[in-house]
Amino acid sequence: PTESVLDKVAVLILREGGGGASADRALRLLRTEFVDWNEVRISRPSELARLLAGSAKGSAQRRWHERAKRLRDVIDQVYNDKNDPSFEFLLELKPKDQYEFLAELDDLGAHNAAALVQWLAGGDHFAHVPPSMARAAHRLGLVESAAATRVRKELAELVGKDRLVSLAGHLTQLGELAEEQWPPALAELAD
């Protein structure tokens, strides 16, 4: 239920380490408890974490604190750059420029940048294929070549439109890892 680009950014950050349902719940809480995203930006991460964690304690609350801090910091970075906590300006940029801007944000991560660019494009093919994503897809044997044009076409045919956003995020995150950091099952698959 995202209404703005910033809603999409929030969902991508809030779903890390959890799931879509918890991210949707967290987004609804932020919308109802805060006047706007600027109020979220000026809030303390501990305040945001208490709201988002609900009755959760211990490690769950620490995870919500980390995600809340990252979300607040991403909004703050854009606010400091644009003097507005809105990400709508991204809609005027080409996918490659969107990715380059988003990947430079300290707390968003290249994987979320790739997923957001794909989400904003909404097309049947990948809007932008970062080199890390292409390397991961090639190393896993999903495509015959790590060339961006081949990856864009072959992966889109492999998974279909409805899974492009999550695949962009997952493959980009995997591609950002050093090969020895890959999860064991994937490392074996790629060998």
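## Ser132 in helix α8

Ser132 is located in helix α8. The structure described here is a predicted model. With a relative accessible area of 3%, Ser132 is buried, since the cut-off for that class is under 20%.

Leaving aside residues up to four places away in sequence, Ser132 touches Leu171, Thr172, Gly175 and Glu176.

## Packing of α8 on α10

The axes of α8 and α10 are 7 Å apart, and the two helices pack at an angle of about 90°. The helices are therefore roughly perpendicular to each other, as the range for that term is 65 to 115 degrees.

Sorted by class, the contact of α8 with α10 comprises six nonpolar, three polar and two charged residues.

## Packing of α9 on α10

Helix α9 covers residues 148-159 and helix α10 covers residues 164-176. Their axes lie 10 Å apart, and the packing angle is about 125°. This value makes α9 oblique to α10, and the crossing of the pair is right-handed.

On the α9 side, the contact is formed by Leu155, Ala156 and Val159. On the α10 side, Leu164, Leu167 and Leu171 take part. The class composition of the contact between α9 and α10 is six nonpolar residues, with no polar and no charged ones.

Helix α9 has twelve residues, which at 1.5 Å a residue should span 16 Å. The end C-alpha atoms of α9 are 16 Å apart, so the model agrees with that expectation.

The buried residues of α9 are Val151, Glu154, Leu155 and Ala156. This set packs against α8 (131-139) and α10. After α9 comes Gly160, whose phi is positive, near 85°.

How values were computed: Residues are numbered from 1 along each chain as its sequence is written. This is a predicted model: local features need pLDDT of at least 70, side-chain atom pairs count only at pLDDT 80 or more; totals for chains, interfaces and linings use all residues. Side-chain values use heavy atoms; hydrogens and water are left out. Axes are lines fitted to C-alpha atoms, for helices over the stretch in contact, and angles run from 0 to 180 degrees between N-to-C directions. Helices (H or I, at least four residues) and strands (E, at least two) are DSSP runs, numbered from the N terminus. Angles under 35 degrees count as roughly parallel, over 145 as roughly antiparallel, 65 to 115 as roughly perpendicular and the rest as oblique. A crossing is left-handed if the near helix is turned anticlockwise from the far one by less than a right angle, and right-handed if clockwise. Contact means heavy atoms within 4.5 Å. Ala, Val, Leu, Ile, Met, Phe, Trp, Tyr, Cys and Pro count as nonpolar, Asp, Glu, Lys and Arg as charged, and the others, Gly among them, as polar. The expected span of a helix is 1.5 Å times one less than its number of residues. Buried means under 20% relative accessible area, exposed over 50%, partly exposed in between (1.4 Å probe, protein chains only).
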